[in-house]
Amino acid sequence: MRPAWLAIAISCVCAVAHTAAYDLVILNGRVMDPESGLDAVRNVGINDGLISKITATQIRGERNLDARGLVVAPGFIDLHAHGQDVRSNRFQAADGVTTALELEIGRYPIAEFLASREGQAPVHYGATSAHIAARLDLFDREDGDGFFSGSRDASNSQRLTDEQLPAMIANVEQGLLEGGLGVGTGITYVPGASHAEIFELFRLAASYKVPVFTHIRQARYMGGDRLAPLQEVLADAAATGAALHVVHFNSSLDEDARIGLEMLRGVRAAGVDVTTESYPYTAGSSRIESALFENYQGDYAQLQWTATGERLTEASFNQYRAQGGWVIIHGRSEDTNTWLIAQEDVMVASDGVPFVGEFSHPRSAGTFARVLGRYSRDKRALELMSALKKMTLDPAARLQAFTPVMRLKGRMQEGAHADITIFDPATVLDRATYVQPAQTSRGIVHVLVKGIAVVKDNELVEDVFPGEAIRSELSRI
Ligand SMILES: [Zn+2]
């Protein structure tokens, strides 16, 4: 039998521990975890940036947040966020995002990029090793604008020489070794890249067991057929064994998205690790000076200049193309848009672009709340748990094999990072529009990044920078 004094000693320890058991407690929220399927009212205890308890019994912390009537979800993970600055991060955080990664175009050099954001990021950040910038590094040229660096650069249209190709691959490899989250290639912006060059990128990715994230080649360079560029990257993935992630399936495949997804699923069924994503808008956006608009044949009125909101004419198109800047490209169907958002194996990613003054594409501020409010709640296009899975667990799973820290994200589970988005399912909605994109989403009540509030009571918290670098940990096979 246990001596009485020991029982007293234990109860004392418990009582002391009970009063300060957790730094922060989220009470009475509807906790949703796409991996375990948990969807129930629970209390969540947080210590040192980690979820240390999820329980139905009452707990207390030094600080207590009442989440009655609110959903407590893993923080959203955006695999496609070009906006890698404090202002972009604030719009992302207000949309429920706790990790915003630039995987399509990537960054180069990676070490420099990660160092530049240390201690200055409201949300977690990271990037792929950038094909385009690593390639431009081989040419004698002025530096670009830091995003599609050199997007107006003639060298993007040049073939690499036999000497340049291995030098480019070595540059991209260096980025992988510095923590790059795979290889990022906007093939569409590099019309000079041969099929052999792209194949070499896949071979490199395969040798490190990382994916290639890609904006597929422009249709007009492949006979005007949107499916041919998709087939190029599917074939490269199958031939090399590299994993593949096709970005913005909506804008790249347009009305061919249904058959394109059939191709992608067929290749996956044959054992190739291939995934994709979509953003919930019928208009795209890009830099007007980029190769995307070379010999532009489309309707000028479908283009909207972000700096003023005006629709373009041939004259203003030419003027702005010489000047450079962001343009919105209207014209895709809402039917296909909704269909893609509802597909189980299509992740949600924003393709958000930096704000220029008050202008941007609304997806930079509203993507996640728009899927939750407009498509899941209002249109009933997909279940809430399914919507959450596409913005939390699935993107984490895409990276976790070579980025172990991602195993601790995208989950509401004990031991996971306390990256948590608490939202009101009845009111969550995007507010950003094509004309006024600089509007934060509504219904995103609290957002925690490693336990630190970056959104509190529907308001952004300034002067907190809990975001950490997300780095791969690679070994060559
Ligand atoms: Zn793109």
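User: Two strands pair if DSSP finds at least two bridges between them. Which residue in strand 5 stands opposite Val-31?

Analyst: This is a predicted model, in which local features need pLDDT of at least 70 and side-chain atom pairs count only at pLDDT 80 or more, while totals for chains, interfaces and linings use all residues. Residues are numbered from 1 along each chain as its sequence is written, and side-chain values use heavy atoms, without hydrogens and water. Strand 1 (residues 22-32) and strand 5 (residues 71-74) pair in the parallel sense over 2 bridges; strands are DSSP runs of E with at least two residues, helices runs of H or I with at least four, numbered from the N terminus. The residue opposite Val-31 is Val-72.

User: Which residue in strand 17 stands opposite Ala-73?

Analyst: Strand 5 also runs antiparallel to strand 17 (residues 420-423), joined by 4 bridges. In strand 17, Ala-73 faces Thr-421.

User: What is the average pLDDT of the protein chain?

Analyst: pLDDT is the predictor's confidence in each residue, from 0 to 100. At least 70 is reached by 93% of the residues, but over residues 1-18 the value is below 50. The chain average is 92.

User: Which strands are the edges of the open sheet of 8 strands?

Analyst: The strand order is 6-7-8-9-10-11-12-16, with parallel pairing. An edge strand pairs on one side only. That holds for strand 6 (76-78) and strand 16.

User: What angle does the direction of helix 12 make with that of strand 6?

Analyst: Helix 12 (residues 363-378) packs on the sheet and touches strand 6, strand 7 and strand 16, where contact means heavy atoms within 4.5 Å. Axes are lines fitted to C-alpha atoms, for helices over the stretch in contact, and angles run from 0 to 180 degrees between N-to-C directions. The angle with strand 6 is about 125°.

User: Which residues are the protein donors of the zinc ion?

Analyst: Donors are N, O and S atoms within 2.8 Å of the metal (3.2 Å for Na, K and Ca); water is not among the atoms, so sites may look incomplete. The protein donors lie 1.7 to 2.4 Å from the ion, and the donor residues are spaced E-x110-H-x32-H in sequence. The donors are Glu-104 (OE), His-215 (ND1) and His-248 (NE2).

User: Is Glu-104 buried or exposed?

Analyst: Glu-104 lies in strand 7 (residues 97-107). Buried means under 20% relative accessible area, exposed over 50%, partly exposed in between (1.4 Å probe, protein chains only). Because its relative accessible area is 2%, Glu-104 is buried.
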